[in-house]
Amino acid sequence: MHGTTESAAPRHAISFPPVEPETVRAEQWTFDLMEDGVRTSIRAHDYPEIFRRPGLYEQLFHERLRCASPRTARDALLSELRDHGADIHALRVLDLGAGNGMVGELLTAARVVGLDISEAARDACVRDRPHAYDAYYVADMTDPGEDLLKQLDQWGLDALVCVSALGFGDIPVAAFVNAYNVVADGAWVVFNVKETFVADDDRTGFARLVSGIMGSGALRVHRMERYRHRYSIDGEPLFYYLFVGRKVHDLPLDPGWGGHAAGGAFPGRTLP
Ligand SMILES: C[S@@+](CC[C@H](N)C(=O)[O-])C[C@H]1O[C@@H](n2cnc3c(N)ncnc32)[C@H](O)[C@@H]1O
């Protein structure tokens, strides 16, 4: 079930009503969609509403706002695999926050399992990219339950990717920790976060997550890259950090763990 699906999706009439800069920064903006003469206002992170319209996610985030993250994550992982003589064909990847399959589709040389909290995301993936995943689970990784953990365990997962899904009311720290603990020690781990999420004064818990992952030695970081994730609706470039590393050991489940690593929340340097 692997391959790329050519999109025959309809074009959508998208417009952005004016909003305060703070609303844009907090990703609380909405956009307007004209459909058959009717204007609907949709929140930027209302994925069920977005995914149920074929091609809307791609047109909004990828064409209009130039999101580069799926390809950046894929390229970084491939480059690290090459440098370490590892073969993508042998990998079994968990794609956390899989959405409509844009990341899975780029990794189809591996066996890839998608997981998302949203039924609409899975439906959109089946509709638009039926070949992206070997399996797709709809679940909230904040509270996965024994059954799901057993099923995931059977895949022998040795890679975790989580692209553009941490923060902004999407995947919380606890869900990421649970997914991290599902993949094997030695697994490749790829994730991105907004640059402000790794700042000392971050209040979302992701600074603690990032510094805790590194400070606890749970991840050996191979690559840490600041890059342009996409543009904001105001035309400002939004920078994210992409991390690629290998899992050393599980993370503690208590989201309060870790604190800040020595030297501050964020090491601010490229690690070996
Ligand atoms: C911006 S989309 C990213 C989709 C995909 N990774 C990509 O790069 O195109 C974020 C996804 O995270 C999912 N999500 C939010 N909270 C989640 C949770 N607790 N567990 C699993 N997925 C979640 C949303 O449903 C949405 O599909």
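Colleague: Where is the place of Asn100?

Modeller: The model is a predicted one. In it, strand β4 covers 92-96 and helix α5 covers 102-106. Asn100 has its place in the loop between β4 and α5.

Colleague: Is Asn100 buried or exposed?

Modeller: A residue is called buried when its relative accessible area is under 20%. Asn100 has a relative accessibility of 2%, so it counts as buried.

Colleague: Which residues does Asn100 touch, not counting residues up to four places away in sequence?

Modeller: Contact here means heavy atoms within 4.5 Å. With residues up to four places away in sequence not counted, Asn100 touches Phe51, Tyr57, Glu58, Ala121, Ala124, Cys125 and Arg129.

Colleague: How many residues of helix α9 are buried?

Modeller: Helix α9 runs over residues 206-215 and is mostly covered. Among its buried residues are Phe206, Leu209, Val210 and Ile213. Of the 10 residues in α9, the number buried is 8.

Colleague: Which elements do the buried residues of α9 pack against?

Modeller: The buried residues of α9 include Ala207, Ser211, Gly212 and Met214. The buried residues of this helix pack against α8 (173-182), β8 (188-194), β9 (219-231) and β10 (237-247).

Colleague: Which residue just after α9 takes a positive phi?

Modeller: Helix α9 covers residues 206-215. Just after α9, a positive phi of about 75° is taken by Gly217.

Colleague: How many disulfides does a search of the whole structure find?

Modeller: Cys67 is buried, because its relative accessible area is 13%. Cys162 is at 0% relative accessibility and therefore counts as buried. A disulfide needs a pair of cysteine sulfur atoms within 2.5 Å. For the whole structure, the search finds 0 disulfides.

Technical notes. Residues numbered from 1 in each chain as written. Predicted model: local features only at pLDDT ≥ 70, side-chain atom pairs only at ≥ 80, totals over all residues. Heavy atoms only, no water. Helix = DSSP H or I, 4+ residues; strand = E, 2+ residues; numbered from the N terminus. Buried < 20%, exposed > 50% of the residue type's maximum accessible area, 1.4 Å probe, protein only.
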